[in-house]
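Work through the following exercises with the sequence and the model in view, and try each task before reading its solution.

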Amino acid sequence: MKAFESNCPAFFADHEKELFQHFLRELEISSMNYYVVEHENQIIACAGFYLPSQIDKAAELVWGMVTRDFQREGVGKQLLDYRLRKIQEIRPGTSVLLDTTQLSFPFFEKAGFRTLKISPNFYAPGLDRYDMILEPYNV
């Protein structure tokens, strides 16, 4: 929750805190792959992905974040690369979807994702939603 709170309200809308808390509570019973990065016994980043049961469906990245103090130090890129490799290990040739804000989309664009759709003010006033895709990723 500290990672989430350090990114609120800049990267996440206040009302999303409850959604993230619910997501975390449901992790144990879900088929979600979710990872954390620790530094000096503190979680500094977390992120996951979901693989639908249908083989022909794209994987989806979920709830990725790096605490503000560790942003722009390569932690997010390492965590993204790790998730993409894991997806391809489990299901080679799978496309990867995500949704993010206008604040984070350049990060994903640099990694090869392209924007499919922009929904203005989707998350909250001033927080637009960017739906993005990475076509089959080969490690």
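**Exercise 1: Two single residues**

Tyr-82 is partly exposed, with a relative accessible area of 33%; buried means under 20% relative accessible area, exposed over 50%, and partly exposed in between, with a 1.4 Å probe and protein chains only. This is a predicted model, in which local features need pLDDT of at least 70 and side-chain atom pairs count only at pLDDT 80 or more, whereas totals for chains, interfaces and linings use all residues. Residues are numbered from 1 along each chain as its sequence is written, and side-chain values use heavy atoms, with hydrogens and water left out.

Solution. The C-alpha atom of Tyr-82 is separated by 9.9 Å from that of Gly-48, although the two residues are 34 residues apart along the chain. Leaving aside neighbours within four places in sequence, Ser-95 is in contact (heavy atoms within 4.5 Å) with Ala-58, Ala-59, Ile-133, Leu-134, Glu-135 and Pro-136.

**Exercise 2: The two sides of a helix**

Task: which residues of helix α2 are buried, and which are exposed on the other side?

Solution. In α2, which spans residues 16–26, the buried residues include Glu-16, Phe-20 and Phe-23. They cover an arc of only 60 degrees around the axis, and therefore lie on the same side of α2, where the arc is that of the directions from the helix axis to the C-beta atoms. An α-helix has 3.6 residues a turn, so residues three or four places apart point the same way. On the other side of α2, Glu-18 and Arg-25 are exposed. Finally, identify the packing partners: the buried residues of α2 pack against α1 (2–6), β1 (33–39), β2 (42–50), β3 (59–66) and β5 (114–124).

**Exercise 3: The nonpolar cores**

Task: which residues of the largest nonpolar core touch the most other members, and which element gives the most to this core?

Solution. A nonpolar core is a set of buried Ala, Val, Leu, Ile, Met, Phe, Trp, Tyr and Cys residues joined through side-chain atoms within 4.5 Å. Of the 23 residues in the largest such core, Leu-61, Ile-87, Val-96, Phe-108, Phe-113 and Met-132 touch the most other members. Two or more residues come from each of β2, β3, α3 (75–90), β4 (96–101), α4 (105–110) and β6 (127–134), and α3 gives the most, with five residues. Apart from this core lies another, of 11 residues, among them Ala-3, Phe-12, Phe-20 and Trp-63.

**Exercise 4: The second largest pocket**

Task: what lines the second largest pocket, and which element gives the most to its lining?

Solution. On a 1 Å grid over the protein atoms alone, a pocket is an open set of points where a 1.4 Å probe fits, with protein on both sides within 12 Å along at least five of seven lines, and lining residues have an atom within 4 Å of a point. The lining consists of Met-1, Lys-2, Ala-3, Phe-20, Leu-24, Tyr-34, Val-36, Gln-42, Ile-43 and Cys-46. Two or more of these residues come from each of α1, α2, β1 and β2, and β2 gives the most, with three residues.

Technical notes: Helix = DSSP H or I, 4+ residues; strand = E, 2+ residues; numbered from the N terminus.
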